[in-house]
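Biologist: I'd like to learn how to read a strand inside a sheet. Can you walk me through one?

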Amino acid sequence: MNGWFKPLKPDQIVNNIQEIDFTGLKQAGIKALILDIDDTLIPRRMNDVTPEVLDWVNQRKAEGFRLFLASNSRHPSRVNYFSETLGVPAAGLGLKPLPFAFRRALKTLQAAPAEAAMIGDQLFTDILGANMLGIYTIFVKHLTPETFSPRVWMRQAEKWVLDRL
Ligand SMILES: [Mg+2]
């Protein structure tokens, strides 16, 4: 494939966060997980932490991973709620794919890019931004069907790229 697409290529593609092989990530030297919230951990329209997500986060902590929530959400109260409920530091208004939120995550977690993995549902923000910094990338298939036009177009563009990777 054309080299132009390389920054958009995830290292792994999974159907959901439950599918990720964390033993394998650990063996690969990953210590820090940077997590998108909306449509990665929970559906975008859901407002509460589910027991499953809480469980998943606690398992990662028990395995020794350091976690950070990097969201592009414009609702700070939402991001704060997830941060407090899950006991994970967070940055809202992340402006992904710009590097700010990723850099803040690495600094907070005291991890080098090679020791971190980004888990997110958007190629053009989560995956592109993390790839540019040399962070390992895991693309999760999004949890909500899209109906709002700009998102539908974005998903079509994502699919177009994914089909060509
Ligand atoms: Mg998302």
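Modeller: Buried means 20 or more other C-beta atoms within 10 Å of a residue's own, exposed means 12 or fewer, partly exposed is in between, and C-beta atoms are placed from the backbone. Strands (E, at least two residues) and helices (H or I, at least four) are DSSP runs, numbered from the N terminus. By the way, this is a predicted model: local features need pLDDT of at least 70, side-chain atom pairs count only at pLDDT 80 or more, and totals for chains, interfaces and linings use all residues. Residues are numbered from 1 along each chain as its sequence is written.

Biologist: Which residues point one way from β5, and which the other way?

Modeller: A116, M118 and G120 point one way, A117 and I119 the other, and all are buried.

Biologist: How do strands of a sheet pair?

Modeller: Through backbone hydrogen bonds, either parallel or antiparallel. Two strands count as paired if DSSP finds at least two bridges between them. Here β2 (residues 32–35) and β5 (residues 116–120) pair in the parallel sense over four bridges. A32 has A116 as its bridge partner, and L35 stands opposite I119.

Biologist: What about β5 and β6?

Modeller: They also pair in the parallel sense, over four bridges, with M118 opposite T137 in β6.

Biologist: What is the order of the six strands in the open sheet?

Modeller: β1-β6-β5-β2-β3-β4, with parallel pairing. β1 (12–14) and β4 (90–91) stand at the edges with a single partner strand each, so one side of each is left without a neighbour in the sheet.
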